[in-house]
Amino acid sequence: MGKQSEINVWDPLVRLFHWTLVGAFLITWVTEDDWMTLHSYAGYLIAGLLLFRLFWGLIGPRYARFTDFVKTPSKVIGYLKDLTTLKAKRYIGHNPAGGAMIVALLLSLLITTFTGMLAYGAVGMGPLSDMLPSNFGYGSEWFEELHEFFANFTLLLVVVHVGGVIFESLVHKENLVRSMLTGTKRA
Ligand code: HEM
Ligand code: HEM
């Protein structure tokens, strides 16, 4: 519970989701070279978190719902224009640009984990290995390349995401990182 002037925005599961995701994402990057077992486990954890978040976006509390923060492209562009003149309106939940970034992050992470499982399956490892045709190892490099591309793309999104969080925090004179930890924002 926040103080009287504070309102609860991010429920405990959204916060747990976020910081577990950050930790697991960090682990996938640290382990990508030499620790494939740990790498795959951290990746499966991310896949599980994504499934949870998709579900929570449908049935979770108000600010966790997709209907609260997924906006049309024209609204997103309009918001970004307002940001350039520092006139962007403050949102209690995710702003339109933040909402678009969340959709991009979730999709990119989903593709990254799936292509990772394909690359792993192609070398006879992981749950997909038994489902792939036996000649699938041929061309497995291709899945690795695809996986690498999306891992890098996700990283690029994360850099823009964190940049956006810092910028928004400055524009609206509030600490959004703290909000993602405590769950509350100034009313
Ligand atoms: C240390 C680095 C990071 C910081 C400081 C940070 C901070 C934040 C903050 C403050 C929000 C809420 C934005 C808002 O107020 O609208 C948020 C949301 C989000 N962030 Fe991050 N983030 C970080 C890293 C990451 C990474 C690495 C990922 C994914 C790989 C990620 C994915 C997300 C997602 C999916 C949301 C939406 C949360 C939800 O509603 O479920 N973040 N982040
Ligand atoms: C969001 C989650 C993930 C991220 C960010 C990620 C990131 C990466 C990165 C950066 C590489 C190095 C690419 C290269 O230089 O070739 C890599 C390689 C790989 N990853 Fe992932 N990964 C994720 C999930 C997974 C999952 C779920 C699996 C399988 C279960 C997986 C399996 C692999 C395999 C087999 C390789 C190739 C390793 C090699 O070079 O031999 N990854 N991953």
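The axes of helix 2 (36-59) and helix 5 (96-122) come within 10 Å and cross at roughly 140°. That makes helix 2 oblique to helix 5, where angles under 35 degrees count as roughly parallel, over 145 as roughly antiparallel, 65 to 115 as roughly perpendicular and the rest as oblique. Axes are lines fitted to C-alpha atoms, for helices over the stretch in contact, and angles run from 0 to 180 degrees between N-to-C directions. This is a predicted model, in which local features need pLDDT of at least 70 and side-chain atom pairs count only at pLDDT 80 or more, while totals for chains, interfaces and linings use all residues. Residues are numbered from 1 along each chain as its sequence is written, and chains are lettered from A and ligands numbered from 1 in the order in which they are written.

**Overall layout**

- The chain holds seven helices and two strands, taken as DSSP runs numbered from the N terminus (helices H or I, at least four residues; strands E, at least two).
- Read from the N terminus, the order of elements is β-α-α-α-α-α-α-α-β.
- The C-alpha trace spans about 60 × 35 × 30 Å along its principal axes.

**Helix packing**

- Helix 2 passes helix 5 in a left-handed crossing (the near helix is turned anticlockwise from the far one by less than a right angle; right-handed if clockwise).
- S40, G43, I46, A47, L50 and R53 of helix 2 make this contact with L106, L109, L110, T113, G116 and Y120 of helix 5; two residues are in contact if their C-beta atoms, placed from the backbone, lie within 7 Å.
- The residues of the contact of helix 2 with helix 5 divide into seven nonpolar, four polar and one charged; Ala, Val, Leu, Ile, Met, Phe, Trp, Tyr, Cys and Pro count as nonpolar, Asp, Glu, Lys and Arg as charged, and the others, Gly among them, as polar.
- Helix 1 (12-31) and helix 2 have axes that come within 9 Å and cross at roughly 155°, and are therefore roughly antiparallel to each other.
- The crossing of helix 1 with helix 2 is left-handed, and the contact residues include F17, L21, F25 and T28 of helix 1 and H39, G43, I46 and R53 of helix 2.
- By class, the contact of helix 1 with helix 2 has 13 nonpolar, five polar and one charged residues.
- Helix 4 and helix 5 pack with axes 8 Å apart at an angle of about 125°, which makes helix 4 oblique to helix 5.
- K75, V76, Y79 and L80 of helix 4 meet P96, A97 and A100 of helix 5, giving six nonpolar, no polar and one charged residues.

**Helix 4**

- The 12 residues of helix 4 (residues 73-84) should span 16 Å at 1.5 Å a residue, and the end C-alpha atoms are 17 Å apart, which agrees; the expected span is 1.5 Å times one less than the number of residues.
- L86, which follows helix 4, has a positive phi near 60°.

**Shell around ligand 1**

- Of the 21 residues around ligand 1, F25, H94, G98, L176 and M180 come nearest; a residue is near a molecule or strand if its C-beta atom, placed from the backbone, lies within 6 Å of it.
- Helix 1 contributes the largest share of this shell, six residues.
- The shell around ligand 1 has 16 nonpolar, four polar and one charged residues.

**Shell around ligand 2**

- E32, S40, G43, G116 and A151 come nearest among the 20 residues around ligand 2.
- Helix 5 gives the most to this shell, with seven residues.
- The shell around ligand 2 has seven nonpolar, 10 polar and three charged residues.
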